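The exercises below ask for a reading of one protein structure. Each task is followed by a solution in steps.

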Amino acid sequence: MIKALSAFLLLIILHTTLYSCAMCRADIPEVAVDATISSFNDKTDFEIKWKFTKAFMETLSFYDKNQNKKFEENEKKEIETTLLDYLKQFRYLTDIEYLKKEEEFRKIFINSIDPVYSKLVFTDEGMTYHYKFSLDTVLEKDHKLYFTVHDYNGNFRFKIKDVVLRNYEGFKRIEPKPFNYFIYFYDKQNTGLSAQEKQNISLLKIAPTVKEEMEKKESSTFLNLLSQTLGEIKSRLEELLKNIKQDNSVLSYLWLLLFSFLYGIVHAIGPGHGKSLVGSYFLSQDNSYLKAFGISSLIGIVHTFSAFILTLVIYNFIGFIFNDKLANIEQLTIRLSAVMIILIGSYLLYKKISYRPNKNMTFSISGSTSYIKTASQNHASGSSCSCGACKTTATDLGVILSAGIVPCPGTVTIFIFTMSLGIYFVGFLSAVFMSMGMSLVIFITALISIKLKNRVSRNEKMIKIVDYGSLLFILMLGVILFFIA
């Protein structure tokens, strides 16, 4: 029973921590990728094209210095220079592995790329980046190749549309995935296959109509629905910000505040370690609704305004787009948050384990009258107690900072947009209402935890399981968050 409960808790923690970052970054506009791989006797050529959408171009609006809604030649040159400087640091965000069929992927990497052609082109539909390079690698039988384009710093969200292999006359099997491609130069069905490879082959044999139905079903999952909703609200916010910049109407302000509030709610509904921490914290202690409201409000404020202040710093002193500084800061704050969560969990667990109720009666004097108090009465009247249920300002503050300090890249991009338009105060107003939306969802989580705690409080065995289980949950949450950051 205990092992099953531990496994269940572990799955919940992994879900909340692994998918929270995905939710934050899901509204980054998609970049489509097409690649052509040409095989020759002495080399292999790669020709790769990225297609940026109009939605992505809007994130570059602060390069439009004169705000005429189009990029002049000097502005285009600045974007291209900034982009190429960034890409050169990270191997053009292109990952290629080529190895023998018996070897495992992720062991051999192509460590450097030196393009023979590199060009950024602006079009009516958006922007395209085209680059070509060659590798000394020769494509041969009984080998396999892995190809992907990925930005670990979160500035781009790539999706590979098509990969074409030319000039290779032997047997080949291409396995397309949304974010990477596998090419096998041997008949996998007649070789020793891993379980994962067999599964990949079985997926390829699915009839196209069935496969499309599966992809359609997958795209309608709750997480994807939230991501799409966030993207739509974000687009609406950007339109309203443009309207405010142009006509400064009261109606645009009201709509902006409403959509900022909705953005905060949808953002908070998605998986995240903040709600897990708050829920576990209120399960582990006896707390009031007023305290739940206070902590929830402060978490929303800290989370939103940490992103707002960070945006001010990045926009004015560091430079945001095509820059890995935000990713580094985000990773640092996640690690800091994880350490604080571990300290909170360890402290509360120590207090819970070390607490020994004093069953002896004590005497107190009030005027000339003596009366008897038990330990439980001391606790109820707010006397000093080593019980983990006592109010602790330090742990409350730790929970607020741990849950709220990590900035959300999606929120940062909205604030960058307000600053690029020069409407700082409007960005501040938007931040206030975003924090209110987030706080509402966190407050509901805290209320559910308090009600659950009150419901099981009459069962001594259950209350012990809930107390220790929630504290162990907090501790495990911190440990896993630290190592995945």
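**Exercise 1. Cores**

Find the largest nonpolar core and the residues with the most contacts inside it.

Solution. A nonpolar core is a set of buried Ala, Val, Leu, Ile, Met, Phe, Trp, Tyr and Cys residues joined through side-chain atoms within 4.5 Å. Buried means under 20% relative accessible area, exposed over 50%, and partly exposed in between (1.4 Å probe, protein chains only). The largest such core has 44 residues, and Trp50 and Leu145 have the most contacts inside it. Contact means heavy atoms within 4.5 Å. With neighbours within four places in sequence left aside, Leu145 is in contact with Ile37, Phe46, Ile96, Glu97, Tyr98, Phe105, Leu139, Tyr181, Phe182, Ile183 and Phe185. Another core lies apart from this one and has 25 residues, including Ile233, Met419, Ile423 and Val426.

The model is predicted: local features need pLDDT of at least 70 and side-chain atom pairs count only at pLDDT 80 or more, while totals for chains, interfaces and linings use all residues. Residues are numbered from 1 along each chain as its sequence is written, and side-chain values use heavy atoms, with hydrogens and water left out.

**Exercise 2. Overall counts**

State how many helices and strands the protein has, and what share of its residues is buried.

Solution. Helices (H or I, at least four residues) and strands (E, at least two) are DSSP runs, numbered from the N terminus. There are 15 helices and 11 strands. Of the 485 residues, 47% count as buried. Among contacts between residues at least 6 apart in sequence, 74% join residues at least 24 apart. The accessible surface, from the Shrake-Rupley method with a 1.4 Å probe and, for residues, only the protein chains shown as cover, comes to about 25400 Å². Carbon and sulfur atoms hold 60% of that surface.

**Exercise 3. Aromatic pairs**

Classify the ring pair of Tyr129 and Tyr131, then that of Tyr281 and Phe282.

Solution. A pair of aromatic rings is described by the distance of the centres and the angle of the planes. Rings of Phe, Tyr and Trp (its six-membered ring) pair if their centres lie within 6.5 Å; planes under 30 degrees apart count as stacked, over 60 as edge-to-face and the rest as tilted. The structure holds 23 aromatic pairs. The centres of Tyr129 and Tyr131 are 5.1 Å apart and their planes stand at 20°, so this pair is stacked. Tyr281 and Phe282, at 5.8 Å centre to centre and 85° between the planes, form an edge-to-face pair. Relative accessible area is 0% for Tyr129, Tyr131, Tyr281 and Phe282. Ring pairs also link Phe46, Trp50, Phe52, Tyr86, Phe90, Tyr92, Tyr129, Tyr131, Phe133, Phe156 and Phe158 into a cluster.

**Exercise 4. Positive phi**

Which loops hold Tyr92 and Asn248, and is each residue buried or partly exposed?

Solution. Tyr92 lies in the loop between α3 (73-89) and β3, and has a positive phi of about 55° although it is not a glycine. Tyr92 is buried because its relative accessible area is 6%. Asn248 lies in the loop between α6 (222-247) and α7. Its phi is near 55°, a positive value in a residue other than glycine. At 47% relative accessibility, Asn248 counts as partly exposed.

**Exercise 5. A surface patch**

Which element holds Val250, and is Val250 buried or exposed?

Solution. Val250 is in helix α7 (residues 250-269). Its relative accessible area is 59%, so Val250 is exposed. Val250, Leu251, Leu254, Trp255, Leu258 and Leu262 form a nonpolar surface patch with about 570 Å² of accessible area together. Patches are made of residues with over 30% relative accessible area and no salt bridge: like charges are joined within 9 Å, nonpolar side chains (Val, Leu, Ile, Met, Phe, Trp, Tyr) within 5 Å. A salt bridge is a side-chain nitrogen of Lys or Arg within 4 Å of a carboxyl oxygen of Asp or Glu.
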